Amino acid sequence: MKPKKILNANEISTILHRLSFQLIEDHNLFNDTVLIAIQPRGGLLAKRISNLINKHEINNNLKLGFLDITFFRDDFRRSEKVLKASATEIDFTIENKTVVLVDDVLFTGRSIRAALNAIQSFGRPKAIQLLTLIDRRFSRELPIQPDYCGTQVDSRLNEKVIVNWDENDGEDSVYLYKNKK
Amino acid sequence: MSNLSVDNLLGIKYLNKSDLNLIFKTSDNFKEIINRKIKKVPSLRDVTIANLFFENSTRTKLSFELAQKRLSADIVNFSSSGSSISKGETLIDTVNNILSMKVDMIVMRHPNPGASVFLSKNVDSCIINAGDGTHEHPTQALLDAYSLIEKIGDLKNRNILIVGDIMHSRVALSNIFAYQKLGANVTVCGPKSLIPKSIESLNVSVETDFRKALKNSDAVNMLRIQNERMSNSYFPSIREYVQQYGLTMSLLNSINKEIIVMHPGPINRGVEITSEVADSDQAIILDQVENGVAIRMAIMYLLAAKLK
């Protein structure tokens, strides 16, 4: 079946601008706030948002890190394939900072659970918040909700939401696939 | 490239090139983790590993133990002294007894060549060879190759020299397999009496002139004389061996080329390598030790993914 387009490039652009302004509004000057992207899919989203923030923010204080959660996942040895890791790059301290975790799609909440554990290896943040582009509501398996959300999508468990980025895939778009493994 | 092609790590001989690359890629991730302030991940928290050391070891044993602890595995240690081995129990019985206590993975060092292959055929468990006599020492070869790639990049068409007691060294054999699978040319060098007659069948060049061999090399791996495995004398005296095959600073400097110096440890300072060389910038001996933990984490992580 043909995938359904949920968001096009213009809509994504509008959402990214809104999310950046929400962050600017809440995290005055980013002196005590850092963005941590969840690898691999949160990276490009976080880069876009941090670029937008840096465009509007007078002092370019915003720090961006990348966190790999592979070794903290709870499905190791439960799936057929071995889980492959990506790089972690956090070259600043998160001690007493507000960490905004960034990921493209929030689904069961298990990745975020893993990220909450993984981030502890880097210190004790003052608070942790969550930003996602897509919130697949009604499919959560853990009590985790986003603080900043691009848009909500109603989907079944056997469906899949794929976010494409211009840098990797040639266009900004979000698709909903039926029955995709 | 997703899974290892093997269920045990018995020797480099049984791995293919994409296995090596997968292990190296995974080690990159673990190297970053062991350099964090909190060096632990929970991946193997439901895996129990037994370390069976039928032969002495410092580095390898510690390195395996640290790697297991960093992965949150439960571990039990066993060394042959003070065990029921002295009461006449066989290897298979010992291991099966340990496995009945619900152990998932065995790391074994044994003085007999082929011990881990033998064990893998006779017990139902995941076996990691931590050195079996004069046969193979796969994790050492992996960490050697990984450390060298970190230093000089792709090993394709590079020339690597292994010097010393080729005959009794398991590091030599595993190194030869690993470097060749990565596309490098391997030369062995040492007194004729310490080079196995059939070594050329492995496509290895043999050179007895140390200086000549060094001139053509990008890296040199200095091996220890394995006195404990020698039943008779293979060279007239240590002094004569040192004169011909000891690596000194003046020898290194006399060659107009930056050669990477490696050593699997333990070092006999002043025999195969002088202190000056071992502590110089050209030596990556301590990098090898650091990378050993990351490599072993990667291997146990990848093999644990295949446990049933």
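Buried here means under 20% relative accessible area. Keep that cut-off in hand for the stops below. The model is predicted.

**Stop 1: chain B as a whole**

Select chain B and colour it by secondary structure. It has 11 helices and 9 strands. The radius of gyration is 19 Å, close to the 19 Å that the globule rule gives for 308 residues, so chain B is as compact as a globular protein of that length. Of the 308 residues, 56% count as buried. Now look at the contacts within chain B. Among those between residues at least 6 apart in sequence, 75% join residues at least 24 apart.

**Stop 2: a loop residue in chain B**

Select B:Gln282. It sits in the loop between helix 10 (275-278) and helix 11 (285-304) of chain B. Is B:Gln282 buried or exposed? Its relative accessible area is 11%, so B:Gln282 is buried. Show what surrounds it. Beyond its neighbours within four places in sequence, B:Gln282 is in contact with B:Met249, B:Leu252, B:Lys257, B:Glu258, B:Ile259, B:Ile260 and B:Val261.

**Stop 3: where chain B meets chain A**

Show both chains. Here 24 residues of chain B are in contact with 20 residues of chain A. On the chain B side, select B:Asn29, B:Arg36 and B:Tyr301. These lose the most area to chain A, together 28% of what that side buries. The area buried between the two chains is about 1900 Å², and carbon and sulfur atoms give 53% of it.

How many salt bridges are there between chain B and chain A? The count is 1. To see a salt bridge here, select B:Asp46 and A:Arg77, whose side chains meet at 3.3 Å, N to O.

Next, highlight helix 1 (17-34) and helix 11 of chain B. Each supplies at least two residues of the side that touches chain A. Helix 1 of chain B gives the largest share of that side, 5 residues. Colour the side by residue type: it divides into 13 nonpolar, 4 polar and 7 charged.

**Stop 4: a loop residue in chain A**

Move to A:Phe30. Find it in the loop between helix 1 (9-26) and strand 2 (33-38) of chain A. A:Phe30 has 3% relative accessibility, so it counts as buried.

**Stop 5: salt bridges in chain A**

Over all chains, the count comes to 20 salt bridges. Start with A:Glu167 and A:Arg48, whose side chains meet at 2.8 Å, N to O. A:Glu167 lies in helix 4 (residues 166-169) and A:Arg48 in helix 2 (residues 42-56) of chain A, so the pair ties together parts that are 119 residues apart in sequence. A:Glu167 is partly exposed at 46% relative accessibility. A:Arg48, at 16%, counts as buried.

A:Asp172 is in the loop between helix 4 and strand 8 (173-177) of chain A, 124 residues from A:Arg48. Both A:Asp172 and A:Arg48 are buried. Keep the three residues on screen: shared partners join A:Arg48, A:Glu167 and A:Asp172 into one salt-bridge network.

Finish with A:Asp135 and A:Arg140. Their side chains meet in a salt bridge at 2.7 Å, N to O. Both residues are buried.

Methods: Residues are numbered from 1 along each chain as its sequence is written. Chains are lettered from A and ligands numbered from 1 in the order in which they are written. This is a predicted model: local features need pLDDT of at least 70, side-chain atom pairs count only at pLDDT 80 or more; totals for chains, interfaces and linings use all residues. Side-chain values use heavy atoms; hydrogens and water are left out. Helices (H or I, at least four residues) and strands (E, at least two) are DSSP runs, numbered from the N terminus. Buried means under 20% relative accessible area, exposed over 50%, partly exposed in between (1.4 Å probe, protein chains only). Contact means heavy atoms within 4.5 Å. Buried area is the accessible area (1.4 Å probe) that two parts lose on being put together, summed over both. A salt bridge is a side-chain nitrogen of Lys or Arg within 4 Å of a carboxyl oxygen of Asp or Glu. Ala, Val, Leu, Ile, Met, Phe, Trp, Tyr, Cys and Pro count as nonpolar, Asp, Glu, Lys and Arg as charged, and the others, Gly among them, as polar. The radius of gyration is taken over C-alpha atoms; the globule rule is 2.2 Å times the number of residues to the power 0.38.
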